[in-house]
Amino acid sequence: MSEHRKWHQENDASKLFDTVPEYIFPVDKASIQERINGIRPAQYAKTRNFLRGAVTFLSPYISRGVVQLPDLKDMILQQYGYRASEKLISELAWREFFQRVWQAKGDAILQDLRNEQSPITTHQIPAAIINANTGINGIDQSIQALYDSGYMHNHARMYTAMLTTNIAQAHWLLPAKWMYFHLLDGDIASNHLSWQWVAGSYSSKKYYANQENINKYTGQTQRHSFLDVNYSEFADMPVPEILRTTSTPTLSTPLPTTVVPTIEVDLPTLVYNTYNLDPNWHAGKAANRILLLEPDHFAQYPISEKVLNWIIQLAHAQVPGIQVFSSNFQDLMALLPEQYPMQQIYYKEHPTTRHYKGMEESRNWMFPQVQGYFNSFFAYWKKCERFLR
């Protein structure tokens with residue numbers, strides 16, 4: 001019996017966000033498959049916005065490439081059909097849509113992409129957000145759950161971003177980096193563009209939620225907070241006192257000290273990273289398999305030690321024989337003899353691998369036919385739907 005199932009048998013599943021066990025995201029294949037088998041698209045469609053709704057808890061495995069979106073889509077469609085699965089697949093498509101934006105725009109997603117966020121009173125983060133003591137119970141509990149487990153429900157992410165950018169009037173970038181730092185399912189495109197969507201720099205309007213809305217979806221009964229107002233009051237709301245003190249968190253990744261990997265020169269070399277831990281990539285093929293942890297990458301996109309340790313555990317559980325190497329790509333290349341053919345070095349296309357050399361292979365897309373940049377998800381999804389019906 002997996003630890004995940006054991007915990008749910010011994011505890012009331014409705015209390016998932018009251019005490020989140022560290023092992024809620026196990027790394028073994030059996031537990032991950034158990035979650036895939038537990039997908040219920042109809043329940044997901046009805047309850048996904050509730051913190052205790054029937055979400056899949058697969059996002060960390062999807063972000064790290066362990067669970068491939070096209071495989072998930074095909075399984076869901078085959079088992080449940082299009083009508084029952086449409087909402088779940090469309091939500092999965094948001095992740096792919098954001099990846100297409102990152103693919104097309106590159107580092108431009110690290111700044112206001114469509115509109116200038118306004119008003120802005122700080123480029124730091126409210127200390128109350130970092131300390132999980134904003135006074136909005138549903139948000140504070142979700143931030144604490146993020147620290148404890150590396151996970152935050154998508155609706156809670158929207159609430160946190162809303163409170164930070166549109167109520168506290170902080171620019172979205174540093175808070176987005178802070179959240180990404182703590183997420184097991186951290187994905188630069190999904191994370192940063194979602195923050196921009198909330199802040200109005202990647203959408204036509206800002207996103208707001210009042211106390212009534214937060215209570216409904218977080219299971220709270222809180223009243224008389226600074227968010228317990230009508231929506232019409234948000235436009236002229238001054239920054240609440242509790243959100244005025246700001247801070248700049250220290251975000252840095254302590255990379256492990258690793259030994260020089262053993263390279264068998266008569267074998268191909270497969271280069272993995274924290275976005276590609278696909279266990280089926282050239283599975284069964286004799287190869288040097290290297291998980292590359294680049295200092296330059298983590299200097300730009302830091303993650304916490306907890307997240308990094310979980311990723312390394314996941315890599316060892318999913319990819320037999322993988323060797324972890326904390327160094328930049330050119331250092332890996334320097335380990336290879338001069339006669340080692342570049343066509344024997346393989347990696348997957350991704351915005352984080354553009355400086356790699358060798359044989360670039362395509363990622364596995366749910367909708368490989370739908371390429372390029374789309375100005376909105378709905379334009380993108382309209383194209384995707386043609387390949388589902």
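In which loop is F57 found? Select F57 and the elements on either side: the residue sits in the loop between α3 (41–47) and α4 (59–63). Bear in mind from here on that this is a predicted model.

**Backbone stops**

Stay on F57 and check its backbone. Its phi is positive, about 55°, although F57 is not a glycine. Most residues other than glycine have a negative phi, and most peptide bonds are trans. F57 counts as buried because its relative accessible area, 12%, is under the 20% cut-off.

Next, select H282, in the loop between β3 (269–272) and β4 (288–293). H282 is not a glycine either, and its phi is positive at about 50°. With a relative accessible area of 22%, H282 is partly exposed.

Now select S118 and P119. The peptide bond from S118 to P119 is cis, with omega near -5°. P119 belongs to the loop between α5 (69–105) and β1 (125–126).

**Helix α9 and its neighbour α10**

Select residues 173–182 for α9 and residues 188–199 for α10. Their axes come within 9 Å and cross at roughly 140°. That angle makes α9 oblique to α10. The crossing in which α9 passes α10 is right-handed.

To see the contact, show side chains on both helices. From α9, the residues that make it are L173, P175, A176, K177, M179 and Y180. From α10, they are I188, N191, H192 and W195. By class, this contact has 7 nonpolar, 2 polar and 1 charged residues.

How many of the residues of α9 are buried? The count is 8 of 10, and the helix is mostly covered. The buried residues are L174, P175, A176, W178, M179, Y180, F181 and H182. Colour the partners they pack against: β1, α6 (127–130), α7 (137–149), α8 (154–167), α10 and α13 (305–318).

A pair of aromatic rings is described by the distance of the centres and the angle of the planes. With ring centres within 6.5 Å as the limit, the model has 27 aromatic pairs.

Select W197 and Y207. Their ring centres are 6.1 Å apart and the planes are at 40°, so the pair is tilted. W197 is in helix α10, whereas Y207 is in the loop between α10 and α11 (211–218), 10 residues apart. W197 is partly exposed, at 34% relative accessibility, and Y207 is buried, at 13%.

Move on to Y208 and F234. This aromatic pair is stacked, with 4.9 Å from centre to centre and 10° between the planes. Y208 lies in the loop between α10 and α11 and F234 in the loop between α11 and β2 (246–247), so the pair ties together parts that are 26 residues apart in sequence. Y208 is partly exposed at 22% relative accessibility, while F234 is buried with a relative accessible area of 3%.

**Helix α11**

Select α11 itself. Because 6 of its 8 residues are buried, α11 is largely enclosed by the rest of the structure. Those buried are Q211, N213, I214, N215, Y217 and T218. The buried residues of α11 pack against α7 and α8. Step past the end of the helix to G219, which follows α11 and has a positive phi, near 80°.

Finally, select α5 together with residues 377–385, which form helix α15. The two axes come within 10 Å and cross at roughly 125°. At that angle, α5 is oblique to α15. α5 passes α15 in a right-handed crossing.

On the α5 side, the contact is made by Y82, E86, I89, S90, A93, W94, E96, F97 and R100. On the α15 side, the residues are F377, F378, Y380, W381 and E385. By class, the contact has 9 nonpolar, 1 polar and 4 charged residues.

Which residues do ring pairs link into a cluster? Select W94, F97, F98, F367, F374, F377, F378, Y380 and W381 to display it.

Methods:
Residues numbered from 1 in each chain as written. Predicted model: local features only at pLDDT ≥ 70, side-chain atom pairs only at ≥ 80, totals over all residues. Heavy atoms only, no water. Axes fitted to C-alpha atoms, helices over the stretch in contact; angles between N-to-C directions. Helix = DSSP H or I, 4+ residues; strand = E, 2+ residues; numbered from the N terminus. Parallel < 35°, antiparallel > 145°, perpendicular 65-115°, else oblique. Left-handed = near helix turned anticlockwise from the far one by under 90°. Contact = heavy atoms within 4.5 Å. Nonpolar A, V, L, I, M, F, W, Y, C, P; charged D, E, K, R; others polar. Phe/Tyr/Trp six-rings, centres within 6.5 Å; stacked < 30°, edge-to-face > 60°. Buried < 20%, exposed > 50% of the residue type's maximum accessible area, 1.4 Å probe, protein only.
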